[in-house]
Amino acid sequence: MQKYINWRRAASGAAVTALLLLPLYLLVLRPASTSAIEPAILLDTSPGGATTAVGVAEGKLAPDFEISPPEGPRFRLSDLRGRPVLINFWATWCGSCLSEMPVIKQLQEERGLDTFAVLAVNAGETPRQAQEFIDFLEAPFLYGLDIDMRVTDAYGVYGLPLSVFVDASGVVQALYRGHADKALLTRLLDAASAATPPGEIAPVLRIVSTIPRERLLVVKAQGSRLVSESRTLRCDLTYCAGDAVQALREVAGVKRVDFRSAGGSVKLTVEFDRRVIDGRALAEELARRLEASPDPLYEGPVLVRYEGG
């Protein structure tokens, strides 16, 4: 979904200069990073404020998660309870993200670090790709690396940037998709600080950069068993493939279906009788059943990559 945006209002002169210099920095100056990053996980969300309903909508508790920064110990969203939080989903390929983040940095500098926290969640990039812009921006944000997009998916992030404004008790007060200027960011931050919704926001043309996702089903055959841990099988707050998977029990030759989902990760194991159905045909049957269960984020036909005999 691409729309027109007035770039003069979208970023200050400093941000534009940064964007012009960034490619040189990324390609030439930044050394490689070899550190391994543990994937983010979703957590049970403890009550906060006057609500116990969990979700990504005004008045609901923001789903808790644990995530790794580029360096240092992992942390949780719930660790930030006690002050408002701006969760900003971004990526280096998203131009409006790169122009918006310097404005968020400016607001945080003006208000002070103790006034609100910024948690910048990088959606699906490598540690090196994220670190390059993090170092370049030099903003005192908390950064999380959502390498396999478990948190990004659970928050229903179709396109970037997406900003979620959470009050001090962990309740979502506002969401905004696309680039937000300083005045709007101020209004939304004020709402999170006051723990009240911001009211109706006038529509404005803006760019939302769609996250490229491939609805790929990777299936490994192990004798009379099929195993898959594909994101196409995700089960979280915005979508669950569980019903489509469990429907495999009806397929002739299937003996057992074991579908496990925890922390945003999934694993499917199917045991079957090879005299009745072969592994490849069973994988294609699973793909058909998944296609009949529309996913709001992973669109299009299911592509099967079958590994094994």
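# Exercises on a predicted structure

Glu 66 has a relative accessible area of 17%, and that makes this residue buried. Keep in mind that you are working with a predicted model.

## Exercise 1: Glu 66 and its sheet

Find the strand that holds Glu 66 and work out which side chains make polar contacts with Glu 66.

**Solution**

Step 1. Start with the burial. The cut-off for buried is under 20% relative accessible area, so Glu 66, at 17%, counts as buried.

Step 2. Glu 66 belongs to strand β2, residues 65-67.

Step 3. Look at the sheet. β2 is part of an open sheet of three strands in the order β1-β2-β3, with antiparallel pairing. β1 (41-42) and β3 (75-76) are at the edges with a single partner strand each, so one side of each has no neighbour in the sheet.

Step 4. Follow the pairing from β2 to β3. These two strands are antiparallel and joined by two bridges. Across from Glu 66, the bridge partner in β3 is Arg 76.

Step 5. Turn to the side chains. Glu 66 makes a polar contact of 3.1 Å with the side chain of Arg 76, and another of 2.9 Å with the side chain of Arg 74.

Step 6. Complete the surroundings. Setting aside neighbours within four places in sequence, the residues in contact with Glu 66 include Ala 40, Ile 41, Leu 43 and Phe 75.

## Exercise 2: Two disulfides

Locate the disulfides of the whole structure, then decide for each cysteine whether it is buried, partly exposed or exposed.

**Solution**

Step 1. Count the links. Searching the whole structure gives two disulfides.

Step 2. Take Cys 94 and Cys 97. Their sulfur atoms are 2.3 Å apart, and the two form a disulfide. The angle about the S-S bond is 85°, and this link is right-handed.

Step 3. Check how covered they are. Cys 94 has 0% relative accessibility, so Cys 94 is buried. Cys 97 is buried too, with a relative accessible area of 0%.

Step 4. Take Cys 235 and Cys 240. Here the S to S distance of the disulfide is 1.9 Å. The torsion about this S-S bond is about -90°, which means the disulfide is left-handed.

Step 5. Check these two as well. Cys 235 has a relative accessible area of 22% and is partly exposed. Cys 240 is also partly exposed, at 32%.

Step 6. Write the pairing. With the bonded cysteines numbered in sequence order, the pattern is 1-2, 3-4.

## Exercise 3: Helix α8

Describe the length of helix α8, its N-terminal cap and its buried residues.

**Solution**

Step 1. Compare the lengths. α8 covers residues 279-291, which is 13 residues. From first C-alpha to last, the helix reaches 19 Å, close to the expected 18 Å.

Step 2. Look at the N-terminal end. Asp 278 caps α8 there, with a side-chain oxygen 3.3 Å from the backbone nitrogen of Arg 280.

Step 3. List what is hidden. The buried residues of α8 are Gly 279, Leu 282, Ala 283, Glu 285, Leu 286, Ala 287 and Leu 290.

Step 4. Ask what covers them. Among the covering elements are β11 (216-222), α7 (242-246), β13 (254-262) and β15 (303-307).

Step 5. Step into the loop between β14 and α8, where you find Arg 275. This residue has 76% relative accessibility, so Arg 275 is exposed. Arg 275 and Ser 224 are 51 residues apart in sequence, while their C-alpha atoms are 9.7 Å apart in space.

## Exercise 4: The nonpolar cores

Identify the residues with the most contacts inside the largest nonpolar core.

**Solution**

Step 1. In soluble globular proteins, nonpolar side chains tend to be buried together.

Step 2. Find the centre of contacts. The largest nonpolar core has 60 residues, and Phe 89 and Tyr 155 have the most contacts inside it.

Step 3. Trace Tyr 155. Beyond neighbours within four places in sequence, Tyr 155 is in contact with residues including Val 56, Phe 65, Phe 89, Leu 162 and Thr 238.

Technical notes: Residues are numbered from 1 along each chain as its sequence is written. This is a predicted model: local features need pLDDT of at least 70, side-chain atom pairs count only at pLDDT 80 or more; totals for chains, interfaces and linings use all residues. Side-chain values use heavy atoms; hydrogens and water are left out. Helices (H or I, at least four residues) and strands (E, at least two) are DSSP runs, numbered from the N terminus. The expected span of a helix is 1.5 Å times one less than its number of residues. Buried means under 20% relative accessible area, exposed over 50%, partly exposed in between (1.4 Å probe, protein chains only). Contact means heavy atoms within 4.5 Å. A polar contact is a pair of N or O atoms within 3.5 Å; within protein, one must be able to donate a hydrogen and the other to accept it, and residues adjacent in sequence count only if both atoms are side-chain atoms. A nonpolar core is a set of buried Ala, Val, Leu, Ile, Met, Phe, Trp, Tyr and Cys residues joined through side-chain atoms within 4.5 Å. A disulfide is a pair of cysteine sulfur atoms within 2.5 Å. Two strands pair if DSSP finds at least two bridges between them.
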